[in-house]
Amino acid sequence: MPAGRRPSTVKAPTKLERAEKLREQIVGLADSLLNDGYGSALPPPTAAELITDPMQDPKTHGWIGHVQEPLGIYIQRVNVNQNFSQRPPFDHITDSIYKRLIRDFIEGAVMPESKVAALSRSAHDRKAQSLAEMDIDYSIIDGLQRLYCFCIALLLVWRRAELIKDGSIPAEAWTYFADHVEATGEPRTATEQLLKRVIRYEIFYQIDLGGLLHYMVTFNTGQRRMSLPVQLEIMQRPLIMELEQRAKIPVWHEINKRPGMQRPKDNFAAADLVLATQAFITNNAQLTASTEAERFLNEDQAYLDNVGDINDVVHTLKRIATELHPLMTRVYANDPTRRFILSSGGTFLQSLVAACGYIRNRNGMKMLDSALDRLEAILKNGDEDPLSLDSYWKALAQITASRGKATRRLVYDTFLRFFGGATGELEWLDTAAQI
């Protein structure tokens, strides 16, 4: 090396980058092991076989049984990718408690039973009537963190110090595990033996999404409370899938959030879209996450039964999220607060959609499309502030009590007056004065 030149150093990955690398390896672990010749220890999962007679739960009317199967089958049956998780995964590889669990599992310790729900991918209510059904989605109710630890243990025994080189684990983590991993013997034989390790779990079937949420809440009462956005995502997953697939709305899933991860500002939170949908159907801007989660949990019905015409919901939210929102991001490109006013929080979006719902319920979708066309036109007219958001902030400053409720009413009433033709532009201050 030339004199005076310092050797180049490789920048260590951030905590989020390392967590993403590890997650990617865990999500693709079964396929990676198959590609490396571990097929004999990874037979394709068949129908889960109960080792005891199932019992029925009178609360959900579902059935609960017990299963034992090799880890190689278990990691194919359930997966962290798009799993209905009760809380985000931790940084297990640096957490003192989870490091010990991983170490103990490598050394042969028997782990507590996990709890797994069998849900139908095709049935409207998601109920799997039998474990013999072909199209079953296995969702972890309790045991997601253990699954992470099982997979990390496999990676450690299989790939060992290579995990440091690719940035999946820090060097100090490997120092903690090294002696215990090396004690298992040669990597291939040790990995095969670990894949054959018996995993025990309870399986819940003939339950719907409401039953799934009931069990998640029940089995996690001693841990961190499940957030309201996660509850709404679980209960309204069919709707969220409709909005993602049919409306092509960029959706942020709180349920998949990992340590250090921030929501992209131009993505719409799944829970916000759930509340916006209900606001559209009921033309009620004053909905809250807590009341809606409680209502969904207590109502005994399949999800889309009370949504009315789902096509109207998808059409309206598609126009707002994929047509009006991009226009707003261009018009207000230099002001992030205004640029992302639709996607950054639920209040503005929810109240706008509630006003759309009023027009739709009273005058029909043709009139609503005309109203949205007028809104689109003023966004295209070249003004620096086509939505008069300067006046909006001034109107907000006048609100001193019940700010959330009053703000939702301000946005709802202002858009309703505009959509109905009472005003030619968004008259925020005039609406505030009338309120």
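Modeller: Let's begin with the named pieces: helices (H or I, at least four residues) and strands (E, at least two) are DSSP runs, numbered from the N terminus. V157, for example, lies in helix α5, which covers residues 144-159. Some ground rules: this is a predicted model, where local features need pLDDT of at least 70, side-chain atom pairs count only at pLDDT 80 or more, and totals for chains, interfaces and linings use all residues. Residues are numbered from 1 along each chain as its sequence is written, and side-chain values use heavy atoms, with hydrogens and water left out.

Biologist: Okay. Is V157 buried or exposed?

Modeller: The words have cut-offs: buried means under 20% relative accessible area, exposed over 50%, and partly exposed in between (1.4 Å probe, protein chains only). V157 has 2% relative accessibility, so V157 counts as buried.

Biologist: Let's move on to charges. How many salt bridges does the structure hold?

Modeller: We call it a salt bridge when a side-chain nitrogen of Lys or Arg is within 4 Å of a carboxyl oxygen of Asp or Glu. The structure holds 24 of them. One of these joins E69 and R77, with 3.0 Å between the closest N and O atoms.

Biologist: Are E69 and R77 buried or exposed?

Modeller: E69 counts as buried because its relative accessibility is 7%. R77 is buried too, with a relative accessible area of 8%. Another salt bridge brings R146 and D142 together at 3.1 Å, N to O. R146 and D142 are both buried.

Biologist: Which residue meets E162 in a salt bridge?

Modeller: R159 does, at 3.4 Å from N to O. In this pair E162 is partly exposed, at a relative accessible area of 42%, whereas R159 is buried, at 18%. Salt bridges can also share partners, and that joins R319, E323, D369, D373, E376 and K380 into one network.

Biologist: Now the rings. How many aromatic pairs are there?

Modeller: Rings of Phe, Tyr and Trp (its six-membered ring) pair if their centres lie within 6.5 Å; planes under 30 degrees apart are stacked, over 60 edge-to-face, and the rest tilted. Searching the whole structure finds 13 aromatic pairs. Take F415 and W428: their ring centres are 5.8 Å apart and their planes meet at 90°, so this pair is edge-to-face. F415 is in helix α19 and W428 in helix α20, so the pair ties together parts 13 residues apart in sequence.

Biologist: Are F415 and W428 buried or exposed?

Modeller: Both are buried. They also belong to one aromatic cluster, together with F348, Y392, W393, F418 and F419.

Biologist: Last topic, the loops. What lies between α19 and α20?

Modeller: A loop, between α19 (403-419) and α20 (428-434), and E425 is in that loop. E425 has 43% relative accessibility, so E425 counts as partly exposed.

Biologist: What should I look at in the backbone of Q206?

Modeller: Look at phi. Q206 has a phi near 60°, which is positive in a residue other than glycine. You'll find Q206 in the loop between β5 (198-205) and α9 (209-219). N283 is not a glycine either, and its phi is positive, about 40°. N283 lies in the loop between α12 (270-282) and α13 (289-298). At 24% relative accessibility, N283 counts as partly exposed.
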